[in-house]
Amino acid sequence: MKCQYACQTMDHVIARRTFLGGLVGFGSAMGLAGIASPLAASQLAAQQKHMLVIFLHGGVSQLETWDPKPKTDTGGPFRAISTSVPGIQISELLPHTAKQMHRMALIRSINTKENDHGKGRICMETGRREMPGFTYPHLGAVAAKLLTHESNPLPGFIRVGGGNGVNKKDAAYLGPQYASVTLGDGKPPANSLRPDSISALADAARNDFRRRVSDRFALRRRAAETEAYVQSYEQAQRLMERRDVFDISLESPSIQEKYGNHEFGRHCLLARRLIEHGVSFVQVGHSNYDTHYENFNFHIEQLGEFDATFAFLLQDLHDRGLLEKTLVVVMSEFGRTPKINERYGRDHWGSAWSIAMAGCGIQHGAVIGKTNDNGTQVVDREVHHGHLFHTYLRAVGLDPTESFTLNGRPMPVADPAVSAIKELLA
Amino acid sequence: MSQADPKATRVVRELKYNSPFISCRFDSQGRYVFGGAQDCTLQRFDVAGGEPVECPGHDSWVRAIAFSPDGEITYSGGFDGRLIWRETAAAKPEPIRTIDAHDGWVRAVAVSPDGQLLATAGNDRLIKLWKSDTGEQVGELAGHESHVYNVVFHPDGKELASCDLHCSVRHWTIADGKPQREFKIAELHTYDKTFRADIGGARGIAFNAAGTRLALGGITNVSNAFAGVGNAAVALIDWQEGKQVQLFKPKEDLRGSTWGVEFHPDGYLISVVGGGSGGFIYFFDEKAATPQDEVKLPRPGRDLDLHPDGLQLAVAHFDNVIRLYTMQKEEKAEAESKDDKPQETAKK
């Protein structure tokens, strides 16, 4: 969705840093994508909170993770193991994670009714179904807008892994300043070092010149695109100033080893550093779980990599005092069919699946909902992406029933037809 | 030459259960067929038909089944890591010995030609050797860098071959447990960069009777690991040279994987295939890369075994059935038995 700016107040033409100079000014200056004032109060209270999403691309199997059904017709070959919470069992593929269950909660009753990768992902990341001609902001953009402290020089929404650059679509009507910045290979952004051939003085001068030209241009021809253009330069400047944050080699060899000598391990370590340095929302991907063939062998491979790293990530966040102010969510676009196909695969399944959460704002050791004996149906406390979206925001101290304003119209932060899973909240 | 004729191959009996099968083996006397099912049970069928008999003891799928040379003892390895001994013909085939053999799946079990040793292969990247009469562990062969998919004794009884997910083949001497050689069969392994996962390994493994050829069955030309887009293949290895001498493939690029391989005493190789393009039994001669004969199966095959008589085949299927095939020429079979039409055993 195009983010249009009808408002031509002077607030819009000031530099980004000045723009972020005061929270109240920020809210009122947002014009079409502003925020109603009552929400500002909860925003302030929640500003020290963070969200970390681990997205298991392709659709991880709930039966091989959070809701095992051993020795049933759908259960597959894996057994269930006990966890650090008496009475809760998860798949034997997650022995390290099992020891962190007292910091986690499971939701085993998700029915999104969505079996398409793209649409499922939109459901889980925006809390709403895809709507033709309209885009809702990504959870990360919402968190970037509502949780980011004005003094933090880093972007509010960072994706680790995947493509490169700024993803404007994530922010939708919130505006490009809340779009995600992707660190494609988990390293500091490319070209984020000032070339030796340009002195610091010359660099500052040329940036100052660029800003003045941009501001003058924006006085008459401001649009989302020009805003994104300016924003990308400013974002790059801030990233260059804090390049050290992205450098995981500054961590001890011991810590690096515990996260794992593989891409997912390095990305999770970077995510922890980003959270530590105040980034509001970080998303790390782990690929891939779209196992239509040989589901069991591939889940051994993929979860073998996920398990130890994820468990240590929780431990590390806890040890550093970060877990108490960070909500961690492990999600996919959907789960996988209970029925095992002829090729030892499981297919797409949005009707009865699970996610895991950890960290702040939730009841640790809770299990929400239930599926039947072989996992083909939700039989208790059915929820969908909308309930989850509310719950995430509540867990970090935000009020999802408030609204943004778009062209003077209220835009509910989360789907007003549903509410948070109250029994899961701390 | 035997009375077996690949061109005559046809189904003669369906052994039915209520869960998909993943494995099948004839016992050494050829009296029974054992099958591992997706409900974590091992089932025993009389080759002549009848009700299946459950063989308890495993908590997970059983793909590794082997027998003592006289057929009296059955060894089964499960994805629960257990290795179980039982009397093959017992009315209630309860475990007589259970060992937690591997940390993770037991993927294969093999019996030495003299019956004295068992070799198991597991997801802990190890080969382990066991005394068959006491269950005592007598060797641990380390060196594989990924899950060990299969293991087989050389016919001389002094050597082992094993193959892992990366299709790294290891040659071991049993007396000292030392690795002698390692060679990789690149055609049977792919790292799928899109899905970031390895696919490969020997799903079936066999030496010929002379010990000069090793056959490895798997999947090649994989373009999409998670959808199983690849072609069934069998790599034939010159054991002395440690080099691939043939890569057997179907004439058409059919989607699937080879799940079992057997050398027939007459010299040809038999494989079973299952995948997106259905199921086939292929018969290969070393001189040609494509099959000399093939049989279309009603459903994809998941495992294969050759009866000790060299005339019958068992194939495990997803549709809850182990199908028995005969390769005996029809006129000969009719003379010996009037009972050559497919028969269904009762569903348990």
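Buried here means under 20% relative accessible area, exposed means over 50%, and partly exposed lies in between (1.4 Å probe, protein chains only). Keep that in mind for the first stop.

This is a predicted model, in which local features need pLDDT of at least 70, side-chain atom pairs count only at pLDDT 80 or more, and totals for chains, interfaces and linings use all residues. Residues are numbered from 1 along each chain as its sequence is written, chains are lettered from A and ligands numbered from 1 in the order in which they are written, and side-chain values use heavy atoms, with hydrogens and water left out.

**Stop 1: chain B**

Select chain B and colour by burial: of its 348 residues, 65% count as buried. Switch to cartoon and you get one helix and 31 strands (DSSP runs numbered from the N terminus: H or I of at least four residues for helices, E of at least two for strands). The radius of gyration of chain B is 19 Å, close to the 20 Å that the globule rule gives for 348 residues, so chain B is as compact as a globular protein of that length. The radius is taken over C-alpha atoms, and the rule is 2.2 Å times the number of residues to the power 0.38. Along the principal axes, the C-alpha atoms of chain B fill a box of roughly 55 × 45 × 40 Å.

Now pick B:G267, in the loop between β24 (257-263) and β25 (269-275) of chain B. B:G267 is exposed, at a relative accessible area of 54%.

**Stop 2: where A meets B**

Show both chains. Here 27 residues of chain A are in contact with 36 residues of chain B (contact being heavy atoms within 4.5 Å). Together the chains bury about 2700 Å², 54% of it on carbon and sulfur atoms; buried area is the accessible area (1.4 Å probe) that two parts lose on being put together, summed over both. Highlight A:Y293, A:E342 and A:Y344, which supply 27% of the area that chain A buries against chain B, more than any other three residues.

Next, look for charges. There are four salt bridges between chain A and chain B (a side-chain nitrogen of Lys or Arg within 4 Å of a carboxyl oxygen of Asp or Glu). To see a salt bridge, zoom in on the side chains of A:E263 and B:R196, at 2.1 Å from N to O. Then select helix α11 (residues 295-319) of chain A, which gives the most to the side of chain A that touches chain B, with six residues.

**Stop 3: A:K69**

Head for the loop between β2 (50-56) and β3 (80-82) of chain A, where A:K69 is found. Is A:K69 buried or exposed? A:K69 is buried, with a relative accessible area of 11%. Draw two distances. The side chain of A:K69 makes a polar contact with the side chain of A:T371 at 3.0 Å, and the backbone oxygen of A:N372 lies 2.9 Å from a polar atom of the A:K69 side chain. A polar contact is a pair of N or O atoms within 3.5 Å; within protein, one must be able to donate a hydrogen and the other to accept it, and residues adjacent in sequence count only if both atoms are side-chain atoms.

**Stop 4: helix α5 of chain A**

Finish at residues 117-126 of chain A, where A:G120, A:C123, A:M124, A:E125 and A:T126 are buried. At the start of α5(A), a side-chain oxygen of A:D116 reaches to within 3.0 Å of the backbone nitrogen of A:G118. Just after α5(A), A:G127 takes a positive phi of about 80 degrees.
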